[in-house]
Amino acid sequence: MLSVIDHSNRAHEHQLLRAMFEARKRVFIDLLKWDLPVLADRFEIDHFDDPHATYLIVGDQDGGHLASARLLPTTRPALLDGLFPGLVNGIPPSGPDIFEITRFCLSPGIGARQRRTARDTLLVGLVEYALANGIRSYTGVAELDWFAQIRTFGWACTALSEPGIYDGRALTSLRIEIDADTPARLKAAGIVSGSAATPVAADAA
């Protein structure tokens with residue numbers, strides 16, 4: 001099941017948010033060894049997890065986390081302009097119709113089939129959310145191997161500059177264009193939602 005959480009319903013979805021922050025800690029800190037802040041030795045939360053962030057979370061029937069992504073408005077400070085400005089030729093793209101995808105997270109310890117289903121549900125959800133909310137582009141930062149995968153999903157995805165090395169990791173910035181044809185492109189690439197979809201407007205529960 002795909003849930004959209006923002007400032008309007010954040011207080012009511014604390015269980016799913018906690019599950020997401022725990023999964024982020026297991027993936028980005030325990031597994032990938034990123035140098036990130038940890039809350040109560042359980043949750044990966046940074047200063048971008050503020051009321052302006054929007055979360056798309058794929059959960060199981062028990063409220064557990066399967067996959068998630070955080071969206072940041074580019075009209076405010078975000079990762080690309082604040083932490084990785086050298087990864088962009090010129091000024092990072094920004095505007096009310098451009099959001100930054102951050103913390104794309106798939107829960108460890110689930111089977112490959114469930115992991116693929118959760119990933120595809122999240123990808124379709126990102127496109128549907130964009131179309132429902134007037135978002136024409138997503139930006140982001142990715143390691144090169146993950147960027148190579150992102151480009152196979154069917155949508156129009158390009159690098160914003162040459163790769164750079166940060167903390168020993170080869171990273172690149174990217175931009176994903178979203179339009180009315182994007183859902184069909186994802187479907188043609190084999191990306192199909194496996195969830196019982198919920199509405200993905202900004203005020204969805």
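Select F28, L32, W34, F104 and W146: of the 46 residues lining the largest pocket, these lie nearest its centre. A pocket here is an open set of points on a 1 Å grid over the protein atoms alone, where a 1.4 Å probe fits, with protein on both sides within 12 Å along at least five of seven lines; lining residues have an atom within 4 Å of a point. This is a predicted model: local features need pLDDT of at least 70, side-chain atom pairs count only at pLDDT 80 or more, and totals for chains, interfaces and linings use all residues. Residues are numbered from 1 along each chain as its sequence is written, and side-chain values use heavy atoms, with hydrogens and water left out.

Stay with the pocket. Its space comes to about 1,200 Å³, a volume filled by probe spheres set on grid points joined across faces, edges and corners. Now show β6 (98-106). This strand gives the most to the lining, 7 residues. Among the other elements that supply at least two residues are α1 (14-31), α3 (112-132) and β10 (169-177). Helices (H or I, at least four residues) and strands (E, at least two) are DSSP runs, numbered from the N terminus.

Colour the lining by residue class. You get 29 nonpolar, 5 polar and 12 charged residues. Ala, Val, Leu, Ile, Met, Phe, Trp, Tyr, Cys and Pro count as nonpolar, Asp, Glu, Lys and Arg as charged, and the others, Gly among them, as polar.

Next, the salt bridges. The model has 14, each a side-chain nitrogen of Lys or Arg within 4 Å of a carboxyl oxygen of Asp or Glu.

Pick R24 and E44. Their closest N and O atoms are 2.8 Å apart. The pair links distant parts of the chain, with R24 in helix α1 and E44 in strand β3 (residues 43-44), 20 residues apart. Both are buried (under 20% relative accessible area; exposed is over 50%, partly exposed in between; 1.4 Å probe, protein chains only).

Move to α3 and select D120 and R116. Their salt bridge is 2.7 Å, N to O. The two sit 4 residues apart in the helix, so about one helical turn separates them. D120 is buried at 5%, while R116 is partly exposed at 40%.

Then take R175 and E177, bridged at 3.0 Å, N to O. Salt bridges that share partners join R24, E44, D46, D49, R70 and R103 into one network.

Finish by colouring by pLDDT, the predictor's confidence in each residue from 0 to 100. The chain mean is 91, and 95% of residues reach 70 or more. Over residues 195-205 the pLDDT is below 50. Where pLDDT is low, the predicted coordinates should not be read in detail.

Notes:
Contact means heavy atoms within 4.5 Å.
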